[in-house]
Amino acid sequence: MGTKFIPVSTNRKKSSTKKQQALSILVRLKRLYPDATCSLIYSTPLQLLVATILSAQCTDERVNKVTPELFRQFPDAESLGNASIEELESLVRSTGFYRNKSKNIKAACQMIVSEFGGQVPQRMEELLRLPGVARKTANVVLAHGFGINAGVTVDTHVSRLSQRLGLTDCQDPVRIERDLMKLLPQPDWENWSIRLIDHGRAVCRARNPACGQCQLADLCASAPKIYGQNLQNENIDIISSAIR
């Protein structure tokens, strides 16, 4: 059951800082999504790296269907680096953008073998050198592969919700990440992203967000405007139906 929507004045009291807002949201997200964890299936940091590369523009569910056979044939960086592009493309085709993903996986694994002794590096600056790896992927690997919270993972859900909630005015993922890092305790950086992603899928959707049922509505900068627009649209639909 949803909670009753409570409109919030956009002129918040000065004492209600953005950091206090973020911490209040964090507390509620922990209550709403207590079991937030990485949904990709992996056994090693290398497998997590590969799975995360494959997850771009693809669901984790689809990736988890592809990776068992991929890792059965190519279980480590050396074997992936030596695999032919054609073999990799055939195995990851269903994840989309398979040519680019296959090329990046092969090249990244070759670099891991040649420069890092076959082991996934544990430093952000080193991970970012790998083909196909930007901060989003690096954050996931560091947090879930090594227990290192080096940053906040920012995908489309995290970007959209952070802007709607009023936690950032930025559009660029790197700047959004910096804003969130200033607001949130470091131990919560990665699971904040997972919980926000879950909330974005379940409630705060890109189209027609369910503000009337949202447990964060009273903390959200955009909820009054979006909720009012949704009510207006519903009234228009009702009137149109009555006319017909």
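Predicted model: local features only at pLDDT ≥ 70, side-chain atom pairs only at ≥ 80, totals over all residues.
Local features need pLDDT of at least 70 and side-chain atom pairs count only at pLDDT 80 or more, while totals for chains, interfaces and linings use all residues. Residues are numbered from 1 along each chain as its sequence is written, and side-chain values use heavy atoms, with hydrogens and water left out.

**Whole chain**

Start with the chain drawn as a cartoon. It shows 12 helices and 0 strands, where helices (H or I, at least four residues) and strands (E, at least two) are DSSP runs numbered from the N terminus. Colour by burial next: 46% of the 244 residues are buried, meaning under 20% relative accessible area with a 1.4 Å probe and protein chains only, whereas exposed means over 50% and partly exposed lies in between.

Select C58 and C109. C58 counts as buried because its relative accessibility is 16%; C109 counts as buried because its value is 1%. The chain has 0 disulfides, a disulfide being a pair of cysteine sulfur atoms within 2.5 Å.

**Two loop residues**

Most residues other than glycine have a negative phi. Select F97, in the loop between α5 (85-92) and α6 (98-116). Its phi is positive, about 50°, and F97 counts as exposed because its relative accessibility is 59%. Move on to N208, in the loop between α11 (189-202) and α12 (223-243). N208 also has a positive phi, near 55°, and is exposed, with a relative accessible area of 57%.

**The largest pocket**

Finish by selecting S55, A56, D60, K136 and D155, the lining residues nearest the centre of the largest pocket. On a 1 Å grid over the protein atoms alone, a pocket is an open set of points where a 1.4 Å probe fits, with protein on both sides within 12 Å along at least five of seven lines; lining residues have an atom within 4 Å of a point. The space in this pocket is about 840 Å³, a volume filled by probe spheres set on the points.

The lining has 33 residues. By type, the lining divides into 12 nonpolar, 14 polar and 7 charged residues.

Notes
Nonpolar A, V, L, I, M, F, W, Y, C, P; charged D, E, K, R; others polar.
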